Amino acid sequence: MNAYLACVLVLAVGTYAFRLAGPLLHGRVELPARVQELLTIGATVLLVALLATGALTEGHGFAGWARPLGVLAGGVLAWRKAPFAVVVVGAAATTALLRLAGVQ
């Protein structure tokens, strides 16, 4: 058996085991309220870090001002409870208009 195929199979089995563990352990493991709160905060922090990294960097440097301002416009639209399509189009349009105006 090829070593790459063996690695893929091991990763596939591990991924399936993680996905299966959730439903199997749902009623058996009880997490304290404080742990649930920390997990919620941790997930939020990770999502914000991913958003910041995607919005502010390109390659190994700063992405310019148009992208972060477009993300900010999309965030404002989402905060104002606009439909998802409006949020995406608004963010993209803001970024495109800023780049058209010469803001990189």
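Patches are defined here as groups of residues with over 30% relative accessible area and no salt bridge, in which like charges are joined within 9 Å and nonpolar side chains (Val, Leu, Ile, Met, Phe, Trp, Tyr) within 5 Å. The structure is a predicted model, in which local features need pLDDT of at least 70 and side-chain atom pairs count only at pLDDT 80 or more, whereas totals for chains, interfaces and linings use all residues. Residues are numbered from 1 along each chain as its sequence is written, and side-chain values use heavy atoms, with hydrogens and water left out.

On the surface, a nonpolar patch is formed by Tyr16, Leu20, Leu24, Leu25, Val29, Leu31, Val35 and Leu39, which together have about 730 Å² of accessible area, as computed by the Shrake-Rupley method with a 1.4 Å probe and, for residues, with only the protein chains shown counting as cover. Two or more residues of the nonpolar patch are given by each of the elements α1 (3-25) and α2 (33-56), where helices (H or I, at least four residues) and strands (E, at least two) are DSSP runs numbered from the N terminus. Helix α1 supplies the largest share of the nonpolar patch, with four residues. Tyr16 belongs to helix α1, and this residue counts as exposed because its relative accessibility is 54%; the classes used throughout are buried for under 20% relative accessible area, exposed for over 50%, and partly exposed in between (1.4 Å probe, protein chains only).

The search for salt bridges, each being a side-chain nitrogen of Lys or Arg within 4 Å of a carboxyl oxygen of Asp or Glu, finds two in the whole structure. One of them joins the side chains of Arg34 and Glu37, with an N to O distance of 3.3 Å. Both Arg34 and Glu37 lie in helix α2, where they are three residues apart, or about one turn of the helix. Glu37 has a relative accessibility of 41% and therefore counts as partly exposed. In the other salt bridge, the side chains of Arg67 and Glu58 meet at 2.7 Å, N to O. Glu58 is likewise placed in the partly exposed class because its relative accessibility is 49%, and Arg67, with a relative accessible area of 22%, is partly exposed.

Arg67 is located in helix α3. When residues up to four places away in sequence are not counted, Arg67 touches Gly54, Ala55, Thr57, Glu58, Thr95 and Arg99, a contact being heavy atoms within 4.5 Å. Thr95, for its part, is in helix α4 and counts as buried because its relative accessibility is 15%. With neighbours within four places in sequence left aside, the contacts of Thr95 are Ala66, Arg67 and Gly70. Between Arg67 and Val88, which are 21 residues apart in sequence, the C-alpha to C-alpha distance is 13 Å.

Helix α3 itself comprises 14 residues (residues 66-79), and its end C-alpha atoms are 20 Å apart, in agreement with the 20 Å that the helix should span at 1.5 Å a residue; the expected span is 1.5 Å times one less than the number of residues. Ala66, Pro68, Gly70 and Gly74 are buried in α3, and the buried residues of this helix pack against α2 and α4 (84-100). Gly74 and Val86 are 12 residues apart along the chain, and their C-alpha atoms are separated by 8.5 Å. Val86 is found in helix α4, and it counts as partly exposed because its relative accessibility is 40%.

The loop between α3 and α4 contains Lys81, which takes a positive phi of about 65 degrees just after α3, although Lys81 is not a glycine. Most residues other than glycine have a negative phi. Lys81 counts as exposed because its relative accessibility is 73%.

One aromatic pair is present in the structure. The pair consists of Phe62 and Trp65 in an edge-to-face arrangement, 5.2 Å centre to centre and with 70 degrees between the planes; rings of Phe, Tyr and Trp (its six-membered ring) pair if their centres lie within 6.5 Å, and planes under 30 degrees apart count as stacked, over 60 as edge-to-face and the rest as tilted. Phe62 is partly exposed, with a relative accessible area of 48%, whereas Trp65, at 56%, is exposed.
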